[in-house]
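Trainee: I've got a fold open on my screen and I'd like to learn how to read it. Could you walk me through it feature by feature?

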Amino acid sequence: MIYLGRIDPLFYTTMTKTLEIDIRSAEGLKINRRLIKKKKTFAVARIGDKFRKSNPDASGGSNPTWNFKSEMPMKGSVQFISIEVFYRTLCGREKKIGEARIPATDFMGRYSHEGHLNFLSYRLRDEYGDKCGIVNVSIVVKPDFTETTTFLASSSSSSEPPSIDGYCGRIVTGVPVWRVTT
């Protein structure tokens, strides 16, 4: 049997990448299943607890155009970014029309490389889960990224990184071994 060793579970890698998000437009915005007529809408891009807000659409109506570009950092542990669409009431309150949650794998997955421009359209859903429009965005993952390796405090108080058992931190290639029984 080949001993492949075991990686210490207290060792993990986090990456922070910069996203260039362009919230382009929306189509068929509805409130209570009725098309919006004169309300001026704006969009919010949210990644974790960070957010960026667009300017209100000048024309108003159910098909706004924002063309709002913003760069935002995204940690490797984030699974979704959300695009929310709001309108401002006459008394100044902001009311949410709907939200689209975009999985990170749609623009950072195996088939989408860094620096590639992704044009995406997602269904907006209101607080009850009903369809209330479509939002169009483009996302680019900037090629420059910062990779940091983090070590959690282990039982020993040494500042050395944990090593792979029996191999003193060297790189080891593992080969799967199957046992065929007849």
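Mentor: Let's go from the overall layout down to single residues. Keep in mind that this is a predicted model.

Trainee: Okay, start with the layout. How many helices and strands are there in the protein?

Mentor: The protein has 1 helix and 10 strands. Going from the N terminus, the order is β-β-β-β-β-β-β-β-α-β-β.

Trainee: And what share of the contacts joins residues 24 or more positions apart?

Mentor: Take the contacts with a separation of 6 or more: 62% of them are between residues 24 or more positions apart. For the surface, 30% of the 182 residues count as buried. The accessible surface is about 12,700 Å², and carbon and sulfur atoms contribute 51% of that.

Trainee: Now aromatics. How do I decide whether a pair of rings is stacked or edge-to-face?

Mentor: Look at the angle between the planes: under 30 degrees counts as stacked, over 60 as edge-to-face. This structure holds 1 aromatic pair. Phe42 and Phe86 form it, with 5.6 Å from centre to centre and 15 degrees between the planes, and it is stacked. Phe42 belongs to strand 4 (residues 41–47) and Phe86 to strand 7 (residues 80–88), so the pair ties together parts 44 residues apart in sequence.

Trainee: What about a charge and a ring? Which residue lies over the face of Phe80?

Mentor: That's Arg101, which sits over the face of Phe80 at 4.1 Å from the ring centre.

Trainee: On to salt bridges. How many does the count come to?

Mentor: The count is 11 salt bridges, going by distance between side-chain nitrogen and carboxyl oxygen. One of them pairs Glu20 with Lys69, whose closest N and O atoms are 3.9 Å apart. Here the cut-off matters: a salt bridge needs the nitrogen within 4 Å of the oxygen. The pair links distant parts of the chain, with Glu20 in strand 1 (residues 11–27) and Lys69 in strand 6 (residues 65–75), 49 residues apart. Lys69 counts as exposed, at 54% relative accessibility.

Trainee: Which residues are linked with Glu20 and Lys69 in a network of salt bridges?

Mentor: Glu71 and Lys142 are in that network with Glu20 and Lys69.

Trainee: Where do Asp130 and Arg33 lie?

Mentor: Start with the bridge itself: Asp130 and Arg33 form a salt bridge with their closest N and O atoms 3.6 Å apart. Asp130 is in the loop between strand 9 and strand 10 (131–151), and Arg33 is in the loop between strand 2 (30–31) and strand 3 (34–35), so the pair ties together parts 97 residues apart in sequence. Asp130 is partly exposed at 29% relative accessible area, while Arg33 is exposed at 68%.

Trainee: And the bridge between Glu94 and Arg88, what is its N to O distance?

Mentor: Those side chains meet at 3.4 Å, N to O. Glu94 is partly exposed at 37% relative accessibility, and Arg88 is partly exposed at 43%.

Trainee: What else does Asn136 touch?

Mentor: Not counting residues up to four places away, its contacts include Asp22, Ile23, Arg24 and Leu120. Asn136 is buried, with a relative accessible area of 12%.

Trainee: Last one: backbone angles. Which value does phi of Asn32 take?

Mentor: Phi of Asn32 is near 55 degrees, a positive value in a residue other than glycine. Asn32 is in the loop between strand 2 and strand 3 and is exposed, at 71% relative accessible area. Asn67 also has a positive phi, near 45 degrees. Asn67 lies in strand 6 and is partly exposed, at 48%.

Notes: Residues are numbered from 1 along each chain as its sequence is written. This is a predicted model: local features need pLDDT of at least 70, side-chain atom pairs count only at pLDDT 80 or more; totals for chains, interfaces and linings use all residues. Side-chain values use heavy atoms; hydrogens and water are left out. Rings of Phe, Tyr and Trp (its six-membered ring) pair if their centres lie within 6.5 Å; planes under 30 degrees apart count as stacked, over 60 as edge-to-face and the rest as tilted. Helices (H or I, at least four residues) and strands (E, at least two) are DSSP runs, numbered from the N terminus. A charge sits over a ring if NZ of Lys or CZ of Arg is within 6 Å of the ring centre and within 35 degrees of the ring normal. Buried means under 20% relative accessible area, exposed over 50%, partly exposed in between (1.4 Å probe, protein chains only). Contact means heavy atoms within 4.5 Å. Accessible areas come from the Shrake-Rupley method with a 1.4 Å probe; for residues, only the protein chains shown count as cover.
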